Amino acid sequence: MPNLIMEYSEPVAEQVNIPALLDDLHQVSLNSGVFAGDDVKSRAYACQHWQIGHTEDSQDFIHITFTLLSGRDEATKKELGAQLMSVLRDRASSVHSLTIEMRDMERETFTKVLQ
């Protein structure tokens with residue numbers, strides 16, 4: 001049950017094909033062999049207001065938060081993060097800051113309903 005959430009500073013959309021980037025990142029998750037295909041969810045949000053250090057909004061960014069159910073080993077998460085970063089670097093090399101946070105969701109308290 002992974003969720004890939006890509007946040008980016010709004011001007012990034014002038015430099016990067018956001019739908020294509022999201023698709024490539026989504027494919028990394030699908031092709032990882034770690035998750036069932038129907039469980040993978042990816043989405044992107046533009047940030048209209050942001051600040052980075054003393055530069056305020058003059059620097060652009062892409063930040064990915066990748067949440068997955070707890071229980072996967074560190075090596076698996078590092079490899080997945082490295083594959084995602086490889087796509088970011090290939091597709092968005094002009095963007096000032098590229099970051100990824102791998103975050104565990106506690107399996108014991110996660111709830112899911114499909115209808």
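Predicted model: local features only at pLDDT ≥ 70, side-chain atom pairs only at ≥ 80, totals over all residues.
Residues are numbered from 1 along each chain as its sequence is written, and side-chain values use heavy atoms, with hydrogens and water left out.

Student: What is the strand order of the open sheet?
Tutor: Helices (H or I, at least four residues) and strands (E, at least two) are DSSP runs, numbered from the N terminus. Two strands pair if DSSP finds at least two bridges between them. The sheet has 4 strands with mixed pairing. The order is β2-β1-β3-β4.

Student: Which strands are the edge strands?
Tutor: An edge strand pairs on one side only. The edge strands are β2 (41-47) and β4 (97-105).

Student: How many bridges join β1 to β2?
Tutor: These two strands run parallel. S9 stands opposite C47 in β2. The number of bridges is 7.

Student: Why is β1 largely enclosed by the rest of the structure?
Tutor: Buried means under 20% relative accessible area, exposed over 50%, partly exposed in between (1.4 Å probe, protein chains only). β1 is largely enclosed because the buried residues in it number 6 of the 7.

Student: At what angle do the axes of α1 and α2 cross?
Tutor: Axes are lines fitted to C-alpha atoms, for helices over the stretch in contact, and angles run from 0 to 180 degrees between N-to-C directions. The axes of helix α1 (residues 18-31) and helix α2 (residues 74-91) come within 10 Å. The crossing angle is roughly 160°.

Student: Which residues of α1 make the contact with α2?
Tutor: Contact means heavy atoms within 4.5 Å. On the α2 side are L80, Q83, L84, V87, L88 and R91. On the α1 side are A20, L21, D24, L25 and V28.

Student: Which strands does α2 lie across?
Tutor: α2 runs at about 150° to β4. The strands it lies across are β1, β3 and β4.

Student: Is S70 buried or exposed?
Tutor: S70 sits in the loop between β3 and α2. Not counting residues up to four places away in sequence, S70 touches D104, M105, E106 and R107. Its relative accessible area is 12%, so S70 is buried.
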